[in-house]
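Please look over the sequence and the model shown here before reading on.

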Amino acid sequence: MGASLNEIKQRITSTKKTSQITKAMHMVSAAKLTKSESHSRQFQIYAEKVREVVTHLAAQQILAIEDNKNANKFDYNSMLITRPVKKTGYIVITSDGGLVGGYNSSILKQMMAIFEKDHENKEDYVVISIGATGAEFFKSRGISLAYELRNLSDQPSFEEVRKIVHMATTMYQNEVFDELYVCYNHHVNSLTSQFRVEKMLPISDLDPGQKKEYEQEYIFEPSKDAILNQLLPQYAESLIYGAIVDAKTAEHAAGMTAMKTATDNATKIIDDLTIAYNRARQGAITQEITEIVGGAAALE
């Protein structure tokens, strides 16, 4: 019985240490989530302003494309034109490590379903992976990667992802693929995330009806079209960056939830082990008393 008591006591001690670690990790993830949510809100303010400017500059081209009139009037930017789809590009955002619950598995399961449903073979699509988990997953299944980015910081700056987002827009302009989707978990709240597949290229979500008329007419130098040609790639890059920031926020929320669940489970295990320890200890005491009483009776 003594060995059993020691074993239970050791399990209680080790579980308490694990609980302390998971509790600390929960607090760290909560702090990261708060910072990431603030970062995401600040970026949304910037993104809305950029969208407003791009919509204003591109309104005439969008209307002309929709009406299919005055075809020779504009030098249409390739990012606004929908072309026949020969190959599709996917940017898949996962985490670099584990301890985030079902965050990665939900994304990768959905991606494999998309590949099987929408494509006859692996030559029909190109994958750009952000996060080590996704990169290793695709490689293990024989899916080649056009590019991969690992070890992003907890609050990634645009400089960190500039290369991959610039490369994605350049590949589209060079017709390596004919449409681009970003696939990731969207942060809803600390307990919920939603898998999203957002079409980034061609840019088709601009509504010319939302064009803002300014009181003061601006003078464009060198020209409105030249500025638009510079701004559209930057706008597309900002959309991709926004998805990365959103995905990172969802990752921190998933990590916080996973660590809280682990801490709660550890607490329950400790309670159950404590009850088992007390019962075993009481049994040992009862056994000793019984032996003492029996020995005393034998001496009488």
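The paragraphs below go from the chain as a whole to its loops and then to one helix.

This is a predicted model, in which local features need pLDDT of at least 70 and side-chain atom pairs count only at pLDDT 80 or more, while totals for chains, interfaces and linings use all residues. Residues are numbered from 1 along each chain as its sequence is written, and side-chain values use heavy atoms, with hydrogens and water left out.

The chain contains five helices and five strands; helices (H or I, at least four residues) and strands (E, at least two) are DSSP runs, numbered from the N terminus. Their order from the N terminus is α-β-α-β-α-β-α-β-β-α. Of the 300 residues in the chain, 39% are buried, where buried means under 20% relative accessible area, exposed over 50%, and partly exposed in between (1.4 Å probe, protein chains only). Among contacts with a separation of 6 or more, 73% are between residues 24 or more positions apart; a contact means heavy atoms within 4.5 Å.

Several loops hold backbone features. L99, in the loop between β1 (88-93) and α2 (103-118), has a phi near 60 degrees, a positive value in a residue other than glycine. L99 counts as exposed because its relative accessibility is 56%. In the loop between β3 (145-149) and α4 (158-173) lies N151, whose phi is also near 60 degrees. With a relative accessible area of 64%, N151 is exposed. The loop between β5 (192-201) and α5 (224-299) includes P202, which a cis peptide bond joins to L201, with omega about -5 degrees.

Helix α5 has 76 residues, which at 1.5 Å a residue should span 112 Å; its end C-alpha atoms are 111 Å apart, so the two values agree. The expected span is 1.5 Å times one less than the number of residues. At L231 in α5, shortly before the proline P233, there is a kink of about 25 degrees; the bend at a residue is the angle between axes fitted to the seven residues ending there and the seven starting there. V293 is also placed in α5, and its relative accessible area of 53% makes V293 exposed.
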